[in-house]
Protein chains: 2
Amino acid sequence: MVSPFDYVEYTNMLKNYDISFKEKTYQAGDLITIVHSTETNNIFLIKEGFVSAYFGDDSTEIYTILAKNNFFCYFPHSENFPKDLHFYALTDVTVYIIDNKEFTFSLSAFPENFGFHYLFSRDVSKHAFYRSILYMVPKQNRLLFALKTFVILFDLEAKEGKFVFPKELNSKILKSYTNLSKKVFYTQLNTLYADGIVFKKDKHFEIDAESLDELEFLT
Amino acid sequence: MVSPFDYVEYTNMLKNYDISFKEKTYQAGDLITIVHSTETNNIFLIKEGFVSAYFGDDSTEIYTILAKNNFFCYFPHSENFPKDLHFYALTDVTVYIIDNKEFTFSLSAFPENFGFHYLFSRDVSKHAFYRSILYMVPKQNRLLFALKTFVILFDLEAKEGKFVFPKELNSKILKSYTNLSKKVFYTQLNTLYADGIVFKKDKHFEIDAESLDELEFLT
């Protein structure tokens with residue numbers, strides 16, 4: 001129905017309508033922003049890099065990881081959060097920052113921009129959706145399901161039959177995202193290594209694309 | 001930015017463009033449909049009543065409950081599910097059924113309908129969002145958070161200072177949704193009774209509106 005969203009399309013539109021926005025770069029590990037509710041001052045759009053979202057200060061509670069072309073601090077679906085949501089630069093990151101009022105104006109003032117609503121809303125909801133169904137996946141498949149999730153969320157393309165994750169998506173992050181005990185997590189990881197589904201090369205996790213296709217439902 | 005979605009608006013549009021749809025009624029307990037992935041033949045829109053969504057046949061795995069003006073089998077954000085998703089009539093339910101191709105046509109052929117994308121997408125994502133953050137809420141607050149979630153998802157209005165839930169939203173359903181043990185669940189419920197926050201009247205759960213407002217974050 002619609003093609004994937006690309007930040008170029010949106011920023012070109014902002015330029016056309018003379019709507020201001022700025023570009024900013026963060027280094028890996030930087031705290032970008034903390035939000036308490038859907039009422040935020042700024043909307044962020046990722047031009048390059050990865051951003052991790054945590055509830056609370058405790059880094060064991062990772063909620064999701066955002067990638068190029070994803071918006072954050074854009075919450076069409078909710079009012080309040082159970083805890084403060086922290087956004088950190090997982091890698092070096094370049095973002096566009098748009099004032100929330102300007103953002104709203106850009107979408108609501110011109111009917112030809114209504115399609116953006118759908119694209120943004122769909123992309124934001126993907127993160128919530130995959131997070132929510134992770135808990136419906138049996139524990140013994142959860143790591144593999146998480147890796148499949150990140151292939152989709154990061155919109156990765158297979159290279160020589162493998163999806164290569166950024167090296168910052170390490171064991172610690174994956175263990176936190178899957179919410180598994182150390183023992184269960186490493187048992188799964190070792191099984192995936194032994195089965196030739198997951199590999200580690202130059203600190204990057206890699207996953208066999210064909211195996212992933214076959215594992216459609218992971219029930 | 002946009003007003004809440006009402007099924008009347010959408011069905012009027014369908015009639016205007018001569019796009020066919022039908023109306024159907026199910027009795028409480030009826031299985032409405034099972035879906036394996038986002039590729040579905042029919043899209044459902046609830047005119048009246050409540051629909052429960054379960055992953056798998058096991059009724060311990062409730063995913064969410066949908067209410068009036070919600071679409072289901074409309075999945076803008078995903079491709080596959082970890083298990084089959086079952087939709088049951090939780091109460092007597094009346095739905096509109098729209099063929100998926102006709103549904104897509106109604107949204108994509110006319111630019112003036114693009115706004116619907118946003119509304120549907122946002123409403124669908126609410127279910128995933130609240131489900132996903134439930135696990136970020138400390139266990140001892142989870143029942144209260146779930147009740148607050150259903151006030152929002154059902155778009156309930158307070159009557160004489162209380163939100164009244166449908167009687168089908170009973171202890172069994174709430175226990176399943178919160179994924180708490182019997183002991184933890186009933187301890188929380190009894191505390192909420194004792195604190196005068198939750199009540200049971202004529203088999204309906206009720207919740208004090210003012211208490212709910214004060215409990216903004218539940219951390």
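Is A:Phe116 buried or exposed? A:Phe116 is buried, at a relative accessible area of 8% (buried means under 20%, exposed over 50%, partly exposed in between, with a 1.4 Å probe and protein chains only). Some notes on the rest follow.

1. Ground rules. This is a predicted model, where local features need pLDDT of at least 70, side-chain atom pairs count only at pLDDT 80 or more, and totals for chains, interfaces and linings use all residues. Residues are numbered from 1 along each chain as its sequence is written, chains are lettered from A and ligands numbered from 1 in the order written, and side-chain values use heavy atoms, with hydrogens and water left out.

2. Overall build of chain A. You'll find 7 helices and 11 strands here (DSSP runs numbered from the N terminus: H or I with at least four residues for helices, E with at least two for strands). The radius of gyration is 18 Å, close to the 17 Å from the globule rule for 219 residues, so chain A is as compact as a globular protein of that length (C-alpha atoms are used, and the rule is 2.2 Å times the number of residues to the power 0.38). Its C-alpha atoms fill a box of roughly 55 × 35 × 30 Å along the principal axes.

3. Packing in chain A. Buried residues make up 58% of the 219. Of the contacts with a separation of 6 or more, 75% come from residues 24 or more positions apart (contact means heavy atoms within 4.5 Å).

4. Aromatics, chain A. The whole structure holds 47 aromatic pairs over all chains (Phe, Tyr and Trp rings, the six-membered one for Trp, with centres within 6.5 Å; planes under 30 degrees apart are stacked, over 60 edge-to-face, the rest tilted). One of them, A:Tyr10 with A:Phe116, is edge-to-face at 5.4 Å centre to centre and 80 degrees between the planes. That pair links helix H1 (residues 7-16) to helix H3 (residues 114-134), 106 residues apart. A:Tyr10 is buried too, at 0% relative accessibility.

5. Aromatics, chain B. B:Tyr54 and B:Tyr88 have ring centres 5.9 Å apart and planes at 80 degrees, so they count as edge-to-face. B:Tyr54 sits in strand S4 (residues 51-55) and B:Tyr88 in strand S7 (residues 80-89), so the pair ties together parts 34 residues apart in sequence. B:Tyr54 is buried at 10%, while B:Tyr88 is partly exposed at 25%.
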